[in-house]
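Colleague: I've got the model open on my screen and I'd like to go through it with you. Can you show me what you're looking at, and tell me how you back up the labels you use?

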Amino acid sequence: MKLAASLAFAAAALFGTAAQAQVNVKIGVMNDMSSLYADISGPGAVTAAKMAVEDFNPAAHGMKVEIVSADHQNKPDIGANIARQWYDVDGVNVIVDVPTSSVALAITDIAREKNKVFLVSGAATSDLTGAKCSPNTVHWTYDTWMLANGTGKALVKTGGDTWFFLTSDYAFGHALERDTAAAVTAAGGKVLGAVKHPLNTQDFSSFLLQAQASKAKVIGLANAGGDTINAIKQGAEFGIIAGGQQFAGLLVFVTDVNALGLKTAQGLVLTETWYWDMNDANRAWTKRWQAERAGKFPSMVHAGVYAETLHYLKAVAALKSAADGKAVVAQMKALPTDDSLFGKGYIRADGRKIHPAYLLQVKKPEESKYAGDVYTVRATIPAEEAFRPIKDGNCPMVTN
């Protein structure tokens with residue numbers, strides 16, 4: 001009887017320890033699920049996060065992972081309310097994605113206040129690793145400095161030395177215009193003017209007329225998603241390209257090109273950090289993603305959500321805890337990044353994920369061989385050159 005009791009006690013202790021050892025993680029995917037950024041992020045980002053969890057195999061690491069999602073409607077107050085509810089009440093450990101820079105800037109402050117984790121794929125503002133950097137935030141996929149220096153410098157070098165900006169009137173657009181104007185000027189170009197338009201506007205006629213009247217060689221589109229698509233479509237009706245001016249898509253995704261069609265988008269120069277058709281690993285991942293997304297093509301935002309989620313889970317497994325957000329982010333920085341989509345890299349002290357970027361050009365219709373074959377790679381921007389030097393970011397966490 002004593003032996004049986006002892007064995008029973010030992011088994012209970014063993015199972016109790018195992019139960020205590022399991023690490024529970026709740027991931028919140030927040031983005032625009034239904035409006036102008038839904039195709040570049042939206043439900044496809046939830047699919048990407050699920051794929052990361054599947055590939056990580058939580059059970060093999062003594063972990064249980066749950067994913068929830070929400071639509072922030074591109075409004076900072078709604079995004080902030082969701083973040084507080086998730087962090088305070090619903091037990092969410094990490095929020096991922098969050099296109100719309102004004103929403104992301106609000107959430108980075110909340111994540112720091114609550115000591116949770118915030119992983120950015122969709123938002124662009126370089127302020128997230130600059131003046132607004134946080135020990136609880138990682139900015140993974142791209143940012144406005146990268147876009148500006150990739151596309152801006154390249155076009156000035158090839159003769160596009162006068163610019164006029166059509167700018168989305170919120171934090172993202174302002175940051176993208178600012179960073180691109182600085183890159184254009186540094187490369188020897190000149191900015192002739194700019195006009196700001198409301199987010200998700202349907203009528204670009206007055207803004208395009210101002211751009212046309214400026215006689216600038218390049219019209220820089222400091223916007224994204226549906227705004228970029230509408231500006232280029234309506235620009236074609238105004239004869240912008242036929243009149244000798246050129247659009248610079250400062251943030252263009254494969255989803256935008258497919259929506260425009262190659263006939264309208266051909267020749268557009270842009271910068272991205274990931275393209276589905278660049279190599280076999282990207283194509284294999286895309287095929288899996290498409291199984292849930294009805295044959296659509298993933299954007300670099302979707303790829304970023306996958307990679308950042310996977311790396312986060314590796315950091316939690318190494319710590320055997322998701323409780324301390326700052327500690328998890330520190331562990332993410334300590335671990336080299338290595339995934340099938342972005343390859344080997346690392347996360348800097350300011351939270352900036354470092355990897356190469358690619359200067360791309362949209363193909364002519366006759367050059368495209370199959371669905372989704374939309375880009376020619378004009379140049380690879382090495383990882384150490386793709387993003388703003390850490391000394392120039394004014395991040396309070398960095399000592400120069």
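Colleague: What makes you say that strand E1 and strand E3 pair, and in which sense do they run?

Modeller: Keep in mind that this is a predicted model. Two strands count as paired when there are at least two bridges between them. Strand E1 (residues 23–31) and strand E3 (residues 94–97) have 4 bridges, so they qualify, and the sense is parallel.

Colleague: What does E1 do with strand E2?

Modeller: E1 and E2 pair too, over 9 bridges and in the parallel sense. Ile27 turns up again here, with Ile67 as its bridge partner in E2.

Colleague: And how is E3 joined to E4?

Modeller: Those two run parallel, with 4 bridges between them. Ile95 stands opposite Phe118 in E4. To get from E3 to E4 the chain goes through helix H4 (residues 101–114), and this β-α-β crossover is right-handed.

Colleague: What is the strand order of the open sheet?

Modeller: The order is E2-E1-E3-E4-E5, an open sheet of 5 strands with parallel pairing.

Colleague: Why are E2 and E5 called edge strands?

Modeller: Strand E2 (63–71) and E5 each pair on one side only, and that is what puts them at the edges. Neighbouring strands of this sheet are turned by 20° against each other on average, direction ignored.

Colleague: Let's move to the cysteines. How do you know that Cys133 and Cys395 form a disulfide?

Modeller: The cut-off is sulfur atoms within 2.5 Å. The sulfur atoms of Cys133 and Cys395 are 2.0 Å apart, so the pair counts as a disulfide. The structure holds 1 disulfide.

Colleague: Which parts of the chain does that pair tie together?

Modeller: Cys133 is in the loop between strand E4 (117–120) and strand E5 (137–139), while Cys395 is in the segment after helix H14 (383–386), so the pair links parts that are 262 residues apart in sequence.

Colleague: Why is this disulfide called right-handed?

Modeller: Because the torsion about the S-S bond of Cys133 and Cys395 is about 85°.

Colleague: Are the two cysteines buried or exposed?

Modeller: Both Cys133 and Cys395 are buried.

Colleague: Which hand does the crossing of H5 and H6 have?

Modeller: H5 passes H6 in a right-handed crossing.

Colleague: What makes E11 and E12 a pair?

Modeller: Strand E11 (residues 337–339) and strand E12 (residues 343–347) have 3 bridges, and the cut-off is at least two, so they pair, here in the antiparallel sense. A hairpin of 3 residues joins E11 to E12, and Asp339 stands opposite Gly343 in E12.

Colleague: How many bridges are there between E12 and strand E13?

Modeller: There are 2 bridges between E12 and strand E13 (residues 353–354), and at least two are needed, so they count as an antiparallel pair. Ile347 stands opposite Lys353 in E13. The hairpin of E12 and E13 has 5 residues between the strands, and Gly351 in it takes a positive phi near 90°.

Colleague: Which phi value does Asn74 have?

Modeller: Phi of Asn74 is near 60°, a positive value in a residue other than glycine. You'll find Asn74 in the loop between E2 and helix H3 (76–88).

Colleague: Why is Asn74 called buried?

Modeller: Its relative accessible area is 9%, and buried means under 20%, so Asn74 is buried. His72 is in the loop between E2 and H3, and at 0% relative accessibility His72 counts as buried.

Colleague: And why is Asn115 called partly exposed?

Modeller: Asn115 has 26% relative accessibility; buried is under 20% and exposed is over 50%, so 26% lands in between. Asn115 is in the loop between H4 and E4, and its phi is positive, near 55°.

Conventions. Residues are numbered from 1 along each chain as its sequence is written. This is a predicted model: local features need pLDDT of at least 70, side-chain atom pairs count only at pLDDT 80 or more; totals for chains, interfaces and linings use all residues. Side-chain values use heavy atoms; hydrogens and water are left out. Buried means under 20% relative accessible area, exposed over 50%, partly exposed in between (1.4 Å probe, protein chains only). A crossover is right-handed if, with the strands pointing away from the viewer, the path from the first strand over the helix to the second runs clockwise. A crossing is left-handed if the near helix is turned anticlockwise from the far one by less than a right angle, and right-handed if clockwise. Axes are lines fitted to C-alpha atoms, for helices over the stretch in contact, and angles run from 0 to 180 degrees between N-to-C directions.
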